[in-house]
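Hello,

Here is the structure I promised to pass on to you. Please have a look at it first, and then read my notes below.

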Amino acid sequence: MSKVKVAFFDFACCEGCQLQVANMGELLIDILDKIEIVEFREVMSEKSEDYDVAIVEGSITTPHCLERIMKIRSIAKVLIAYGSCATIGGVNGMKNQFEMDDIARSVYGDDAHFFPTRPTRAIDQVVPVDYYVHGCPIYLPELVKVLTHALAGIPYRVPDSAVCVECKLNENVCVYERGVSCLGPVTRGGCNSWCINNGNVCYGCRGMVTNPADNAQRDVLTKYDISLDWVENKMMMYNKAKDAKEA
Amino acid sequence: MGRNINVNVEYLTRVEGHGNIVVNVRESQLEECRLDIVEAPRFFEGMLRNRSIFEAQHITSRICGICSCGHTLASIQAAEDAIGFTPSPQTQKLRRLLMHLETLDSHLLHIYLLVAPDLLGVKSFVPLINTHNDVVRRALRMKKTCNDICEVLVGRHVHPISSIVGGFTKLPSEKELDKMLGMLRSLEVDMKPTIDLAATFVFPEFERDTEFVALVSDTDEYPFLEGDIGTTDGPPIPKDAYKSVTNEFIVSHSSAKHCKNKRGSYMVGALARFNLNYDKLVPNAKDIASAIGLHPVSKNPYLNTAAQLIECIHCIEDSIRIIEDCKEEGVDQSEAILVGLNETGCIPVQAGHGVGAVEVPRGILFHAYDVSEEGKIITANCVIPTGQNLANIELDMKKLVPEILDRTDEEITLSLEMLVRAYDPCISCSAHFLNVEFKNR
């Protein structure tokens with residue numbers, strides 16, 4: 001049986017999710033036994049236009065990106081979006097709260113016209129996506145799980161319960177009890193409450209659950225006397241791109 | 001008749017981010033020699049405006065996956081400088097450990113997976129799985145070990161969790177110190193064959209006189225997190241005056257800004273640090289530098305990779321020293337803090353301007369913030385090592401191409417790719433990077 005051809009691509013992002021792949025260690029060699037990586041620019045010189053599975057990182061922010069992702073979609077039988085930038089727009093979405101001219105000028109001044117930019121969009125705001133691996137960065141065990149599903153041709157359902165569920169199972173003390181706000185109650189789990197386990201709060205990198213308990217969340221904020229503005233602004237760190245219109 | 005060469009490498013591989021190399025030689029005269037940075041700009045400095053200073057670390061670590069700990073530490077330093085917060089000695093010690101781990105992780109990735117394939121004559125590490133299986137396994141093992149140590153210290157290496165303004169949200173237990181120590185010892189063991197392998201590498205011979213810039217300090221530490229801006233061209237400059245060194249300017253072929261100081265360009269990174277701070281390396285690192293023929297001041301940019309190897313030796317040894325020190329003195333767990341958006345006001349905030357200057361794997365990184373009374377960012381500026389190196393890389397290419405005109409297109413392209421790769425450019429950071437374009441011959 002011939003190996004499945006897999007290609008990795010990146011758009012606007014920090015490439016940290018590809019790095020997570022390199023961080024698998026020797027497990028990577030076992031995976032390479034099952035698939036053939038035909039393109040992975042960060043670590044390989046080879047390039048290919050013949051692949052079955054495209055694993056795509058990063059958001060769509062320029063006309064050139066748009067052309068590339070359309071082409072990738074037309075070749076790939078299966079498209080996996082991985083990392084927050086690809087799945088929900090991620091931190092790149094914060095740009096969308098400004099006028100594009102304004103933000104370009106703030107960084108490049110009068111030379112801003114050299115660097116045309118469009119509002120940030122997640123991959124599925126541009127082309128259909130078959131599998132999602134959320135997170136900033138991705139949680140490696142989940143990537144392996146999604147790859148296994150994709151290679152077997154069966155669907156993967158992203159967990160749609162709040163981070164709090166896993167956080168409780170991990171027996172963390174709720175950070176609200178310690179006077180600090182956290183996006184765990186409205187954020188999609190699947191990360192094993194990674195940040196709270198390490199003493200920090202949830203920043204919402206996996207996107208919102210499909211049906212957040214708005215009223216209960218308001219009650220929590222009232223109980224701990226935390227203003228809604230704080231939390232809304234915090235949500236924008238990862239979740240702003242979803243309002244982006246066709247550029 | 002003179003020679004015409006057109007190099008056009010689109011999307012240079014085995015570098016972080018997107019860049020193109022464009023070289024155009026007509027009648028043996030170099031007409032054009034550029035490194036185009038075609039990374040989609042991400043406008044971090046613009047996005048930071050009006051966000052809490054306590055979010056800056058989380059956001060800016062996302063500038064780059066490879067350098068996320070370095071951005072974290074530069075951001076924290078700038079924020080703490082702006083609001084007038086002084087970290088505890090324990091925090092400073094653990095931050096140094098974190099920086100060492102990132103330096104190790106990044107240098108090992110570069111030496112083994114990005115540079116070694118060129119020197120072993122293959123296109124990537126994948127064919128090496130068959131021909132040099134033990135080498136590939138060792139590389140992946142060492143890289144994973146660096147990550148595993150980071151996981152213990154800060155939750156993960158890519159976008160660290162527990163290192164924040166004010167200190168750490170979680171501190172290592174005694175058991176965790178032992179675990180990290182064990183892993184560092186295993187790195188030390190794997191470092192020996194790494195040195196043996198590196199000793200077999202033959203780096204291209206090429207030299208160009210340039211200015212080297214790196215942090216310098218008056219302590220005994222090989223400086224990564226403290227000190228002033230040192231240069232081989234004059235006295236040190238305080239970090240607050242970083243703009244007088246970087247002098248950023250915009251060129252149309254690069255979404256990353258270029259920099260220059262006293263000359264047309266300067267170089268930052270492992271080789272610059274080695275050249276300026278050689279005396280402060282651990283003795284073992286100095287011995288091995290001599291053994292592989294690396295001496296300060298080295299002017300061959302290809303040897304940046306060799307300087308990275310030397311820094312790996314230093315970082316492992318110093319990390320072990322830090323952990324042994326922590327074991328002896330004990331870690332004060334009461335210093336663990338939860339800050340969030342500073343809802344509880346546990347960190348006093350005042351308006352101010354702050355600068356962070358940190359030696360990250362690719363060179364000196366600056367973050368500078370203006371902060372309002374409420375702790376919101378008014379303006380932010382990040383000056384990235386790769387951006388600082390771009391002008392220097394182009395001047396190297398301009399000197400190199402005429403010296404190798406007698407070679408084939410393929411050989412010229414490879415030499416140029418290897419040159420750019422030697423700088424270990426991080427294009428995500430600088431906007432992101434690399435691809436050689438030969439136009440018609």
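**What I found**

The crossing of H9(B) and H11(B) is left-handed, meaning that the near helix is turned anticlockwise from the far one by less than a right angle (clockwise would be right-handed). The contact involves B:Ala270, B:Leu271 and B:Phe274 from H9(B), and B:Asn304, B:Ala307, B:Gln308, B:Ile310 and B:Glu311 from H11(B); residues are in contact if their C-beta atoms, placed from the backbone, lie within 7 Å. Sorted by class, this contact has 5 nonpolar, 2 polar and 1 charged residues. Here Ala, Val, Leu, Ile, Met, Phe, Trp, Tyr, Cys and Pro count as nonpolar, Asp, Glu, Lys and Arg as charged, and the others, Gly among them, as polar.

Before going on, please note that this is a predicted model, in which local features need pLDDT of at least 70 and side-chain atom pairs count only at pLDDT 80 or more, while totals for chains, interfaces and linings use all residues. Residues are numbered from 1 along each chain as its sequence is written, and chains are lettered from A and ligands numbered from 1 in the order in which they are written.

Back to the helices: the axes of H9 (residues 270-277) and H11 (residues 304-329) of chain B come within 7 Å and cross at roughly 65 degrees. Such axes are lines fitted to C-alpha atoms, for helices over the stretch in contact, with angles from 0 to 180 degrees between N-to-C directions. H9(B) and H11(B) are therefore roughly perpendicular to each other (65 to 115 degrees; under 35 is roughly parallel, over 145 roughly antiparallel, the rest oblique). Helices (H or I, at least four residues) and strands (E, at least two) are DSSP runs, numbered from the N terminus.

**Backbone details**

Most residues other than glycine have a negative phi, and most peptide bonds are trans. Where are the cis bonds I noted? One joins A:Cys136 and A:Pro137, with omega about 0 degrees, and A:Pro137 sits in the loop between strand E5 (131-133) and helix H6 (140-152) of chain A. Another runs from B:Pro296 to B:Val297, with omega near -5 degrees; B:Val297 belongs to the loop between helix H10 (283-291) and H11 of chain B.

A:Ser193 has a positive phi, near 45 degrees, and counts as buried with 22 C-beta neighbours inside 10 Å (buried means 20 or more other C-beta atoms within 10 Å, exposed 12 or fewer, partly exposed in between; C-beta atoms are placed from the backbone). Phi of B:Ser28 is also positive, near 65 degrees, but B:Ser28 is exposed, with 12 other C-beta atoms within 10 Å.

Best wishes

Key: Contact = placed C-beta atoms within 7 Å.
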